[in-house]
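Thanks for coming. I will talk about how chains meet in one assembly, so please look at the screen.

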There are 4 protein chains.
Amino acid sequence: MIKVGIVGGTGYTGVELLRLLARHPQVELKAITSRKEAGMPVAEMFPNLRGCVKLAFSTPEEAGLESCDVVFFATPNGVAMQQTRALLDAGVKVIDLAADFRIKDIAVWEHWYKMEHACPDLVAEAVYGLPEINRAAIKGARLIANPGCYPTAVQLGFLPLLESGAVDVGFLVADAKSGVSGAGRKAEIPTLFAEAADNFKAYGVGGHRHWPEIKQGLESFAGKPVGFTFVPHLLPLIRGIHATLYARVSADIDLQELFEKRYAGEAFVDVLPAGSHPETRSVRGANMCRIAVHRPPGSDSVVVLSVIDNLVKGAAGQAVQNMNIMFGLPEDTALDAVGMLP
Amino acid sequence: MIKVGIVGGTGYTGVELLRLLARHPQVELKAITSRKEAGMPVAEMFPNLRGCVKLAFSTPEEAGLESCDVVFFATPNGVAMQQTRALLDAGVKVIDLAADFRIKDIAVWEHWYKMEHACPDLVAEAVYGLPEINRAAIKGARLIANPGCYPTAVQLGFLPLLESGAVDVGFLVADAKSGVSGAGRKAEIPTLFAEAADNFKAYGVGGHRHWPEIKQGLESFAGKPVGFTFVPHLLPLIRGIHATLYARVSADIDLQELFEKRYAGEAFVDVLPAGSHPETRSVRGANMCRIAVHRPPGSDSVVVLSVIDNLVKGAAGQAVQNMNIMFGLPEDTALDAVGMLP
Amino acid sequence: MIKVGIVGGTGYTGVELLRLLARHPQVELKAITSRKEAGMPVAEMFPNLRGCVKLAFSTPEEAGLESCDVVFFATPNGVAMQQTRALLDAGVKVIDLAADFRIKDIAVWEHWYKMEHACPDLVAEAVYGLPEINRAAIKGARLIANPGCYPTAVQLGFLPLLESGAVDVGFLVADAKSGVSGAGRKAEIPTLFAEAADNFKAYGVGGHRHWPEIKQGLESFAGKPVGFTFVPHLLPLIRGIHATLYARVSADIDLQELFEKRYAGEAFVDVLPAGSHPETRSVRGANMCRIAVHRPPGSDSVVVLSVIDNLVKGAAGQAVQNMNIMFGLPEDTALDAVGMLP
Amino acid sequence: MIKVGIVGGTGYTGVELLRLLARHPQVELKAITSRKEAGMPVAEMFPNLRGCVKLAFSTPEEAGLESCDVVFFATPNGVAMQQTRALLDAGVKVIDLAADFRIKDIAVWEHWYKMEHACPDLVAEAVYGLPEINRAAIKGARLIANPGCYPTAVQLGFLPLLESGAVDVGFLVADAKSGVSGAGRKAEIPTLFAEAADNFKAYGVGGHRHWPEIKQGLESFAGKPVGFTFVPHLLPLIRGIHATLYARVSADIDLQELFEKRYAGEAFVDVLPAGSHPETRSVRGANMCRIAVHRPPGSDSVVVLSVIDNLVKGAAGQAVQNMNIMFGLPEDTALDAVGMLP
């Protein structure tokens, strides 16, 4: 049994990790920390876990994280980088669901996250946990930077186009839409029901933290700089990201075949038949990215549609997938749930 | 392996059965019928099933239902009663998710369902599939009448009160609210998004088919006639039933203790601590009924709050629970999913 | 022109007052206060008001409220009672949309609102602003206690039954459901979109502040003590209250006729034809209460269905209605908008 | 008083026309036709109209449309073109809210709408009813082609960029999202609540009827052919369109100033301050298009955000605006409602 600790379990990625790990046959949940809620049974805060998770929140001091095999950080940005070195030194593997280790260029990271980085050397060591690109490195890693939700959907959608050189990299557009759970479980007015329901808007057009993360990935796929525009929007639904990607085709390639071949061996990327439109609900609760590729008539554009559940393939599910790889388990252990439709 | 057939798989209870059975370790899906969609892969209609269910819809003639071990009817009312006798004669067990076998009084059934019953003798044989009441009979049954969604939530909420004689049975009220999936996957204007979203209303106050089904149950619990008022409402959400039950207390009993004792051994009924308010989302996708009991101040009333997912404990999940009991499997096989929150 | 001031304009009742008053032909908006947002144009916070309301928020000191003809308090409970006397002394009429003046029994008020009342004598003077009961008194009043949202829907629904003695007052039940805007524009976790969407629950079964307010009204209609149970629920929609009311009929009266006669002259109460089910969306944005009355079969119960928009007839619209009466204007001035459907 | 007839009043644009016209001080509603519902009071189908609209549906034969001053067609495509000539001959002005007269190239129209056009000469005469472009022509017109909902939002967003030559017209992208009411009040499975709620998807990427309509407009603004990609999506909300527009900047122009100047005199186009993100709810129920223009960092792209209520500025409101212009009334008569927020 893998002994698992979770730091920061009161948010949506925390409860989603618990939902998945509670049914993982090789996992023993050892501790889940929250300084503020220490002592409260987890199932009191999240009643869906009644009867499934018996742990109470504990303080970090009491949690005994050093004796775990792996620790997940489901914390705000800037927390994991303070605690990771000690855990690694104690022989514990670390999977950070926040952004502390995602961006290799420390100056860029510090610009976007408005703080000094505590351990640039560990950023260099960390493996970006997108298994469809880095599976081998993940297998041998001590420290995983679990990708952001938008970056997962956008990068998986652009990957075959950029690897193959099929498009003009000078003008790539990602029009992305996320459900409200992506904003986290924080008491803030803009994500109140009466503000976000029956409403739709873009946000962060002037700059969003996922832009440099995605750009770093796209440039590594393309092997050169790219021009990349990213516009996120807030959807009036709980779970789900839909990325609509635009580029100009520069080579005469069968794009459907390109995508099917690239993802042929991937259990968690599903290329839909030509002409399809993936729906976010088809992946609700499932660790899956569904993708369709289109060539609209009367234009040289290619349009890629990519959907994930932001809390699963965009966060907790991908983290468990990384854990499975790191510990040599079948990659889909505890990740084979069918999407909940309707 | 249990060979399973499903008749009528294009509705919401059909796809929910498939979602649950696709991960059932003792089940082999043999056939799913739809005359209209024969030949279409099931996963084309329900893309959440891509990669999980490989069956295509077949006509009833081709389906070979007689060679199944059990057949589920996820059909409109009036279909199962036409086909059940032949299946039983062929040694197949039958679980009807519609209403054909739920009401013992044939005249009452014919009044509410506006058709002549095809096999009154089988109604007499059928076991009402509410395991918390009829577990032993279910174990030995050939034919199960799977309860309606409202009836499951309302009966489980009233059961301890009526069995114990704690309330005045002359005036029982169930104010029940259901998500829109309860209306089925039928093209009708009142359940369009633009009609049902951001809206709330009661319906069927003048008479609803679940009223006689619930009344039959309540009178059997009480052992005498009851006065029962049932008002269903349409909630702007997909899955979930919340029943708020009202009665006047007539005996001095510790109601919290009464409920906890009655459901102590039940895996799928969860009595919440005193003072709780169950949320529908705590059982979203889960085969669970969560119940709280209250004594509001300044009144002799008792208020019971009872929530289920109408498609799971209110339909497909309860049907699988019944199958597990009938075939001697652990009752929670394939039914241990954690509710999806958020 | 009536010079109007609003105290506390950053909440939902505040913006709704502005929406209605911006198109009121006899109103001149003089000031809207918010200490925290002083200086910010109102239309910056509420972009629907761009081009319609040119005011900026001001501090209470700068607002010049004493020179207004009427001041609305759209503040948390406990604010209006501190400022009302000075305004009345300056000859300003006051309409309080909060609860400071709603409950005549000061001890009851202090028990439920957990503070000492600042001006019990003004409570005695204040007129409860439900025009369908108190129109004449409102006309001559200086100080109006605008009713709560639930109390408006519930009292209008019970009123004819209690005035006429048609029901057993020993057991009255109000099962009430409210949209999330009823909780106000406050940053709190339970009303986040990801918590309240696709979800339904009861709350406050053990005691809600609207219970004593409604009870006070019901007892005055009935002329004697009543047994009253009130269970509020949170609906996943923005605007709308649906109250489902239950009682036992004790007299042989034509209830449809009773309701139609009682509300025959009322512009803002609409009794639907027999057999109807009012929908919350039919009053979305409109100052209207729609009511239907039913006698379900096989029972001695009467069921009343009553819907309002909690922000209009349940708050800001009723406040403007009261203002119109106080200033001798046609009662429907600026209140004739058609409900927005779909 | 302007005598008004409406053909086809049972859909969402029909009820929205009624909502607006019921409060229009210069309009007398003479007839609303529906062969299927003839005889039913309109307010029975749409209860928000109770007390405001007393008409019943009538058959086209009984409606006396020839004696109206103006007739609105709120019908499926292909109906208006059959009846328009007779009305024009009788001296009646016609405003078609469907697509019969929107596309000047008959071959293109017949290709996309799959039918033969009944009156190509009237297409030539018809004025495309986008007042911000064609106000003078609308003033003198007998026949108005009221623009589609997506075309209104997209064209108003691109208009200043194309008129000014500020962008590369070879690659224009409109990523558009619409609420479900845009699909009309038709009983179809994909727009059921349980299908469309808590879900998001693109549709019609391979070709949508609004693509040629928009392209026709963009090319007339630019004065040359354009490369144009259009991807519509279905939003889980009732009313609202959000168009996110992408182009590459080819000239060094102050875009904020460009937009503000272009729309300076327009009552129904609101250019937001630099850095803004318009929300669909800010125009809910209002005849308004709100627009923001952005230059995202690190790219040569311009992003325009454009929102409307699809049933108001995208349909019925714009139709009333056109009527007001045609009859010499103030353009905002009956169109000054404030958007409903929250």
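Chain C and chain B bury about 3900 Å² between them, where buried area is the accessible area (1.4 Å probe) that two parts lose on being put together, summed over both. Of that area, 58% is on carbon and sulfur atoms. On the side of chain C, the most area is lost to chain B by Phe171(C), Asp198(C) and Phe200(C), together 17% of what that side buries.

A word on the source: this is a predicted model, in which local features need pLDDT of at least 70 and side-chain atom pairs count only at pLDDT 80 or more, while totals for chains, interfaces and linings use all residues. Residues are numbered from 1 along each chain as its sequence is written, chains are lettered from A in the order in which they are written, and side-chain values use heavy atoms, with hydrogens and water left out.

Chain C gives 49 residues to the contact and chain B gives 49 residues; contact means heavy atoms within 4.5 Å.

How many salt bridges are there between chain C and chain B? The count is 8, a salt bridge being a side-chain nitrogen of Lys or Arg within 4 Å of a carboxyl oxygen of Asp or Glu. One salt bridge joins Asp168(C) and Arg248(B), with the closest N and O atoms 3.9 Å apart.
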